[in-house]
Amino acid sequence: MSKTQTKEQPGWGTCTQCGGLFFKPHAKTRACKAGGVHQFVDERKLLYVDAVDANGNDIWVDNPQVGANQEASWAWCEKCRGLFFVSNNGGLCQNGKHDKTGSSTYLLTKVNGTPNPGSGSYYQCSRCFGLYADLASGTKCNGGKAHEHRNANQYYTLDPDDDIVD
Ligand SMILES: [Zn+2]
Ligand SMILES: [Zn+2]
Ligand SMILES: [Zn+2]
């Protein structure tokens, strides 16, 4: 059985205020939980499963065949334009749950182990289920709290060729 066909999508960035990873073209004018609008200085690419509907629109694929360290449980939120972990157990957006309507299936490389601070690692938040970077200045999740690392011995890496921001 062959692996799922994937493509790279540029245009993602880490907000230097709240720490979340967002699709910049849509999110740069959106309200940030840290105040004002999201601020981006980096440019990142994400892998996604190359699948389209009859009209050529990208579509979500359940449980695609992926590599050993890849996790295909990530989606683009139609409401906040952030990347979040798809789960029946929750995942709160600013208003209700995140919504994967219109999203492709995104793939992240998952690493087991303790991350090095400042190494450009990303984490899944146990509160909002979003992907975030641990900023030296602190992060912002819902309700004025910081993002909270889910699964302390797991983290995620993005394309290592890209800029690292902290
Ligand atoms: Zn932000
Ligand atoms: Zn959302
Ligand atoms: Zn969070």
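1. Leaving aside its neighbours within four places in sequence, which residues is W76 in contact with? They are F23, R81, L83, S103 and Y106. Keep this residue in mind; the points below return to its surroundings.

2. A word on the model before the details. This is a predicted model. Its mean pLDDT is 90. Of its residues, 91% reach 70 or more. The stretch to treat with care is residues 162–166, where pLDDT stays under 50. The model has 15 contacts beyond four places in sequence for that stretch. Where pLDDT is low, the predicted coordinates should not be read in detail.

3. Now the overall make-up. The protein has one helix and nine strands. Along the sequence, the pattern reads β-β-α-β-β-β-β-β-β-β. The radius of gyration is 15 Å, close to the 15 Å that the globule rule gives for 166 residues, so the protein is as compact as a globular protein of that length. Along the principal axes, the C-alpha atoms fill a box of roughly 45 × 35 × 30 Å.

4. Burial and contacts come next. Buried residues account for 36% of the 166 residues. Take the contacts between residues at least 6 apart in sequence: 62% of them join residues at least 24 apart.

5. Start the strands with β1, residues 6–14. Strand β1 runs antiparallel to β3, and five bridges join the two. Two of the facing pairs can be named. T6 has V49 of β3 as its bridge partner. E8 stands opposite L47 in β3.

6. Strand β1 also pairs with β2, residues 21–23. The sense is again antiparallel, over three bridges. G13 has F22 of β2 as its bridge partner. The hairpin of β1 and β2 has six residues between the strands. In that hairpin, G19 takes a positive phi near 90°.

7. Strand β3 covers residues 44–49. This strand is mostly covered, with five of its six residues buried. Besides β1, strand β3 pairs with β6, residues 106–112. That pairing is antiparallel and has two bridges. Y48 has Y106 of β6 as its bridge partner.

8. Back to W76. This residue is found in strand β4, residues 70–76. Is W76 buried or exposed? W76 has 27 C-beta neighbours inside 10 Å, and 20 or more are needed, so it counts as buried. H98 is 22 residues away from W76 in sequence, yet their C-alpha atoms are 8.7 Å apart in space.

9. The largest nonpolar core has 38 residues. Those with the most contacts inside it are L21, L83, Y106, L107, Y122 and Y132. Strands β2, β3, β4, β5 (83–85), β6, β7 (122–124), β8 (131–133) and β9 (154–157) each supply at least two residues of this core. In soluble globular proteins, nonpolar side chains tend to be buried together. Two of the listed core residues, L83 and Y106, are also contacts of W76.

10. Last, look at Y132. Not counting residues up to four places away in sequence, Y132 touches G19, G20, L21, Y122, Y123, C125, T139 and H147. Among these, L21 and Y122 are on the list of core residues with the most contacts. G19 is the hairpin residue with the positive phi.

Methods:
Residues are numbered from 1 along each chain as its sequence is written. Chains are lettered from A and ligands numbered from 1 in the order in which they are written. This is a predicted model: local features need pLDDT of at least 70, side-chain atom pairs count only at pLDDT 80 or more; totals for chains, interfaces and linings use all residues. A residue is buried if 20 or more other C-beta atoms lie within 10 Å of its own, exposed if 12 or fewer, and partly exposed in between; C-beta atoms are placed from the backbone. Helices (H or I, at least four residues) and strands (E, at least two) are DSSP runs, numbered from the N terminus. Two strands pair if DSSP finds at least two bridges between them. Two residues are in contact if their C-beta atoms, placed from the backbone, lie within 7 Å. A nonpolar core is a set of buried Ala, Val, Leu, Ile, Met, Phe, Trp, Tyr and Cys residues joined through C-beta atoms within 7 Å. The radius of gyration is taken over C-alpha atoms; the globule rule is 2.2 Å times the number of residues to the power 0.38. pLDDT is the predictor's confidence in each residue, from 0 to 100.
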